[in-house]
Amino acid sequence: MMQPNLIAERYMPIWNAARPFLNVRNNDEHTLVAYALAVQFLKVTPDADPDVVLPTILLHDVGWKKVPQDLLLLAVGRKPTRPDLVRDHELYGVEIAREILTELAIDGIKPQPILDIIDGHDTDNTARSINDAIVKDADKGWRTTPHGMRTIAGWYNVPLSQVVLMLQERSNPHMLTPAGRTLAEANTAAVSAEFKIKDYLGHGPEFDTVTAQEDTEW
Ligand SMILES: [Fe+2]
Ligand SMILES: [Fe+2]
């Protein structure tokens, strides 16, 4: 098997322990892509601590496993009817992550700063610290990646253009660091430019586009 080289060896025990909790709602895939973003943000953020940021990324969504699966999509999206479940997954996540980190007891990886970020990672949009800001930007920045946009469009069965509108209106404004903001705005701007290729050239990729006016509810 090809040697995967995304997750640093130091954090592989955490990934292996988190995996059984991540196999709901594409969380395992989301976690890997968010990890890659966090690694990039760390490169331009020398004040941040990889031993806090990267374990937190791997563990931040383990709590979704304890939320009833048929209710998952009601918790997120444009008009969530069960926002209480978002809070639940944070609190369950803190419990599960505490057990995992205590059990593993990796030298130099302290549980508390990690648990403090998991607790509030979705319900508090503010940057409580630079580590917290990077985790939140990697998590929300995922939405603007090719993988994130495809996944979200699939969850709600909506065209890509509708996902882009949602991100520009409701998600990008919450990015917390210059790097995160640029990533999110550049990704959505690039896809928006794709929608306009045909207008400029008379040929190009076809998209099922919606306007802001048509973009009502999903
Ligand atoms: Fe989350
Ligand atoms: Fe997440």
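Tutor: Gladly! Let us start with a pair of helices: α9 and α10 pass each other in a left-handed crossing. Helices here are DSSP runs (H or I, at least four residues; strands are E, at least two), numbered from the N terminus. A crossing is left-handed if the near helix is turned anticlockwise from the far one by less than a right angle, and right-handed if clockwise. Before going on, please note that this is a predicted model, in which local features need pLDDT of at least 70 and side-chain atom pairs count only at pLDDT 80 or more, while totals for chains, interfaces and linings use all residues. Residues are numbered from 1 along each chain as its sequence is written, and chains are lettered from A and ligands numbered from 1 in the order in which they are written.

Student: At what angle do α9 and α10 cross, and within what distance do their axes come?

Tutor: An axis is a line fitted to C-alpha atoms, for helices over the stretch in contact, and angles run from 0 to 180 degrees between N-to-C directions. For α9 and α10, the crossing is at roughly 140°, and the axes come within 10 Å. On the α9 side the contact is made by Leu160, Ser161, Val164, Leu167 and Gln168, and on the α10 side by Thr188, Val191, Ser192 and Phe195. Two residues are in contact if their C-beta atoms, placed from the backbone, lie within 7 Å.

Student: How many residues of each class does that contact have?

Tutor: Classes go like this: Ala, Val, Leu, Ile, Met, Phe, Trp, Tyr, Cys and Pro count as nonpolar, Asp, Glu, Lys and Arg as charged, and the others, Gly among them, as polar. The contact of α9 with α10 has five nonpolar, four polar and no charged residues.

Student: Which helices pack at an angle of about 35°?

Tutor: Those are α3 and α7, with axes 9 Å apart. Their crossing is right-handed. Val52, Val53, Thr56 and Ile57 of α3 meet Asn131, Ile134, Val135 and Ala138 of α7. By class, six residues in this contact are nonpolar, two are polar and none is charged.

Student: How do I read burial, and which residues of α6 are buried?

Tutor: Count neighbours: a residue is buried if 20 or more other C-beta atoms lie within 10 Å of its own, exposed if 12 or fewer, and partly exposed in between, with C-beta atoms placed from the backbone. In α6, Ile114, Ile117 and Ile118 are buried. They are on the same side of α6, because they cover an arc of only 105° around the axis. That arc is the one of the directions from the helix axis to the C-beta atoms. The general idea is that an α-helix has 3.6 residues a turn, so residues three or four places apart point the same way. The cover over the buried residues of α6 includes α3, α5 and α7.

Student: Is histidine 121 buried or exposed?

Tutor: Histidine 121 counts as buried, because 23 C-beta neighbours lie inside 10 Å. Look for histidine 121 in the loop between α6 and α7. Not counting residues up to four places away in sequence, histidine 121 touches His60, Glu90, Val135, Lys136 and Asp139.

Student: What about loop residues with a positive phi?

Tutor: Arginine 25 has a phi near 50° and sits in the loop between α1 and α2. Asparagine 157 has a phi of about 55° and belongs to the loop between α8 and α9. Arginine 25 counts as buried, with 20 C-beta neighbours inside 10 Å, whereas asparagine 157 is exposed, with 7 other C-beta atoms within 10 Å.

Student: Which residues touch the most other members of the largest nonpolar core?

Tutor: A nonpolar core is a set of buried Ala, Val, Leu, Ile, Met, Phe, Trp, Tyr and Cys residues joined through C-beta atoms within 7 Å. The largest has 37 residues, and those touching the most other members are Ala18, Ala38, Ile57, Leu58, Leu59, Ala97 and Ala138. The elements giving two or more residues to this core are α1, α2, α3, α5, α6, α7 and α10. A second, separate core has seven residues, among them Val163, Leu165, Met166 and Leu167.
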